[in-house]
Amino acid sequence: MAGHLGCATSQQDAAGAVTLVFTHAKHPQAAYLTDLVRLFEAENPGIRVREEILPSSSDEQHQFYVINLAAQAGEFDVLDMDVIWVPEFARAGWVAALDPWLEPAHLEPLHPGALRADRLNGRLYGVPWFVDTGVLYYRRDLLEKYFFQPPETYPELLRIAREILRREQRPELAGFLWQGKQYEGLVCTALEFIRGNGGDLLRADGAATLADDATVEAVQFMADLIHDAGVTPPLVTTLDEESARHIFQSGRAVFMRNWPYAWALLNAAESPVASQVGILKVPHFAGHVSAPTLGGYHLGINANSRHQAEAAALLRFFIREDVQKQILLKLGVLPAHRGVYEDPAVLAAYPVLPALLPALERVTPRPVTPYYLMISQILQPELSAAIAGIRTPQEAMQRAQQQTEHLLGLE
Amino acid sequence: MREAVRELFRRYALLAPALLLVAVAALLPVLFTIWLSFRRQMPIFGISQWTGLDNYGFLLEDPRFWNAVANTGYFVAVSVALETALGLGFALLLNRKFPGRGLARALVLIPWAVPSVAAARFWEWILNADFGLLNYLLGVRIHWLGDPFWAMHAAILADVWKSTPFVVILLLAGLQLMPEELYRAARIDGAGPWQMFRHVTLPLLKPFLLLALIFRTMDAARVFDLLFVLTGGGPANQTETMVVYSYKLLYRTLQFGYGSAVAVATFAFILALSLGYLRMLNRAWQLRRE
């Protein structure tokens with residue numbers, strides 16, 4: 001602490017302890033998070049942590065960070081970032097590179113798919129503390145009733161859904177629900193179709209590949225699910241996560257693409273589909289592999305923080321196995337640490353975890369580029385146009401490609 | 001003479017704090033936005049340079065911008081027309097004497113008192129294709145918010161519900177100021193109810209109608225919260241208005257320069273509309289005075 005004696009800032013109290021400001025999203029189990037923060041303080045007597053809580057809307061958090069980070073404000077040290085902001089903040093120089101603070105031993109146990117979202121130009125700018133992955137929910141009872149095996153590929157899913165719809169003869173039953181509203185969730189879903197067909201949005205060298213055959217084919221398949229196969233109802237263009245879950249939970253859908261949070265709700269005592277639901281990694285097309293979209297939150301350090309060493313200690317604390325275990329048990333979100341998924345005590349409390357592992361092992365971040373949010377803004381209306389039948393997928397993706405090329409030329 | 005100058009000086013000195021407040025609170029941000037609109041300003045890439053009219057040149061060719069202009073124009077025209085017509089009807093009704101009028105007047109105001117975001121949230125439920133009240137009442141299965149045609153009209157419906165009360169209050173105030181003797185005179189002249197409305201009520205109400213139109217048009221032209229919550233601009237940007245587009249540019253993708261250019265264009269659009277109305281309003285007040 002000697003280095004700090006000369007500059008008695010407001011962030012140091014009389015005892016010479018450093019006060020870290022930890023800005024994070026409002027969490028439904030906030031009290032437990034505070035317990036973890038107190039535990040960190042007990043372990044690190046020289047450091048106090050003040051939590052600063054942002055609204056739960058991701059848009060508002062982004063706005064808060066952009067305004068404060070762009071103004072070079074150093075009032076907070078540790079920040080909680082949606083995974084897609086990491087490359088943006090890193091490119092802007094707003095978050096510090098973490099390589100000096102973290103050993104391979106700290107990172108090695110974390111899910112590699114989640115960590116990939118934190119690397120830009122070979123340096124690390126964040127660490128995952130909550131992970132999220134796209135998963136496929138299915139009605140085990142309905143599949144068993146007609147002797148179907150859970151599907152591996154999209155064409156299999158289509159065949160099963162179509163057959164069940166035909167035999168059940170219930171007009172209110174939908175085959176396959178996913179997030180089709182014009183918003184970020186649509187991009188998350190579409191990426192799973194696109195990458196499951198060997199396509200992507202950007203090539204390794206950064207060039208846009210939105211109108212490539214593999215990409216267009218995948219989007220065509222999404223549109224065909226609605227307009228050709230009738231397996232996905234047209235109301236998918238209004239669905240976000242929660243509205244899809246409501247329909248699935250009321251027993252009116254065979255398959256649903258969603259995130260793991262839905263599992264507990266679908267199996268709650270009052271849920272009509274409790275214990276009739278199975279969970280799978282998202283499908284893919286023949287000859288390719290499943291590529292569930294990564295979600296979740298990552299911790300980073302404000303580049304203007306004057307307490308980076310102490311901030312790094314807080315980051316190391318939150319990715320430690322025992323703390324990650326508490327994050328699952330107390331906060332109810334999926335931890336990034338792989339060891340937690342093998343812990344017998346955890347498995348007893350969360351028997352669904354082994355079913356999530358295949359998805360987590362394949363989880364893929366959205367393109368890790370500072371341009372991602374802009375590309376997503378271009379993609380959302382074009383994907384929406386393709387699935388609403390306003391433009392052909394070919395035409396829509398061609399337009400998205402042109403706009404993205406223009407964008408990439410701006411820098 | 002000297003006394004007059006001193007008096008003038010005193011007047012402006014007393015006005016100064018108010019003027020300063022207006023300048024700081026209203027004028028500075030506007031000027032700053034205009035200044036930004038001539039720059040390429042992308043903090044993520046550390047880009048900050050003067051580009052003159054480049055942003056406006058791009059704006060002229062940006063189909064997404066023109067789509068937003070068309071959506072805004074359609075939203076304003078249809079919602080304001082409906083709100084004015086309905087508002088006039090309700091105001092005339094509430095101006096009559098009937099039992100429970102006080103209660104009815106209070107009830108009509110409720111939608112106006114509901115915050116937009118809250119209103120948008122429950123309209124989202126009403127309009128839900130799967131279990132929404134509207135489909136249940138109509139016995140149909142329309143995907144109100146997901147269908148490219150219906151989405152804009154569903155949003156207009158929600159706006160009409162929310163904003164008609166505002167027109168009602170303004171027009172009701174106007175109706176209460178109507179001199180009773182004009183109606184008596186018209187009745188003596190043998191005018192029927194329609195003629196009285198057409199030749200007495202309507203001309204006298206004109207300034208109030210125009211006032212309602214100005215406020216509603218300006219408000220509707222910068223519609224944001226309702227659409228942002230209901231559809232986020234979708235499907236396929238069919239409900240993306242100018243303000244929603246500039247919000248996305250500014251806050252989602254951090255293109256401060258171009259986003260400001262879109263904001264300035266929106267400002268010019270609204271200013272042009274209001275200046276047109278103000279001229280009409282001035283003429284109407286003059287007529288009324290005569």
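1. The sheet. Chain A of this predicted model holds an open sheet of six strands. The strand order is S2-S1-S3-S11-S6-S12, and the pairing is mixed. Which strands form the edges? They are S2 (47-54) and S12 of chain A, and each of them pairs on one side only. As background, strands of a sheet pair through backbone hydrogen bonds, either parallel or antiparallel.

2. A helix on the sheet. H2(A) packs on this sheet. Its contacts there are with S1 (18-25), S2 and S3 (78-82) of chain A. The direction of H2(A) makes about 125° with that of S2(A). Keep H2 (58-70) in mind, as this helix comes back in point 8.

3. Strand S6. Look next at S6 of chain A, residues 127-133. Is this strand mostly covered or mostly open? It is mostly covered: seven of its seven residues are buried. S6(A) has S11 (residues 294-301) as an antiparallel partner, joined by six bridges. S6(A) also runs antiparallel to S12 (residues 334-335), and here two bridges do the joining.

4. Some partners can be picked out by eye. A:Val131 has A:Gly296 in S11(A) as its bridge partner. A:Val131 also stands opposite A:Leu334 in S12(A). For A:Phe130, the bridge partner in S12(A) is A:Pro335.

5. Chain A as a whole. How many helices and strands does chain A have? There are 17 helices and twelve strands. The C-alpha trace spans about 75 × 50 × 35 Å along its principal axes. Chain A has a radius of gyration of 22 Å, which agrees with the value near 22 Å for a compact globule of 411 residues. Of those 411 residues, 49% count as buried. Now take the contacts in chain A between residues at least 6 apart in sequence: 73% of them join residues at least 24 apart.

6. Two domains in chain A. Domain 1 covers 2-132 + 294-362, and domain 2 covers 135-288 + 371-408. Each domain is therefore written as two stretches of the chain, a point to watch when colouring the model. How far apart are the domain centres? Taken over C-alpha atoms, they are separated by 31 Å. Where the domains meet, twelve residues of domain 1 are in contact with nine residues of domain 2. On the domain 1 side, H3 and H15 (353-362) of chain A each supply at least two residues. H15(A) provides the largest share of that side, five residues. By class, the domain 1 side has eight nonpolar, one polar and three charged residues.

7. Helix H15. Which residues of H15(A) are buried? A:Leu356, A:Ala359, A:Leu360 and A:Arg362 are. An α-helix has 3.6 residues a turn, so residues three or four places apart point the same way. The buried residues of H15(A) pack against H5 (112-116), S6, S7 (135-139) and S10 (277-281) of chain A.

8. Where chain A meets chain B. The contact involves 24 residues of chain A and 20 residues of chain B. Which helices of chain A take part with at least two residues each? They are H2 (58-70), H3 (86-91) and H16 (372-388). H16(A) gives the most, with seven residues. The side of chain A that touches chain B divides into 14 nonpolar, six polar and four charged residues.

9. Chain B. The domain assignment gives domain 1 (2-36) and domain 2 (54-289) in chain B. Their centres, taken over C-alpha atoms, are 33 Å apart.

10. Where does A:Arg338 sit? Its place is in the loop between S12 and H14 (344-349) of chain A. A:Arg338 has 17 C-beta neighbours inside 10 Å, so this residue counts as partly exposed. The cut-offs explain the label, because buried needs 20 or more and exposed needs 12 or fewer. Leaving out residues up to four places away in sequence, A:Arg338 touches A:Pro109, A:Leu110 and A:His111. A:Phe89 is another matter: A:Arg338 and A:Phe89 are 249 residues apart along the chain, and 26 Å separate their C-alpha atoms.

Definitions and conventions:
Residues numbered from 1 in each chain as written. Chains lettered and ligands numbered in written order. Predicted model: local features only at pLDDT ≥ 70, side-chain atom pairs only at ≥ 80, totals over all residues. Contact = placed C-beta atoms within 7 Å. Helix = DSSP H or I, 4+ residues; strand = E, 2+ residues; numbered from the N terminus. Nonpolar A, V, L, I, M, F, W, Y, C, P; charged D, E, K, R; others polar. Rg over C-alpha atoms; globule rule 2.2 N^0.38 Å. Pairing = 2+ DSSP bridges. Axes fitted to C-alpha atoms, helices over the stretch in contact; angles between N-to-C directions.
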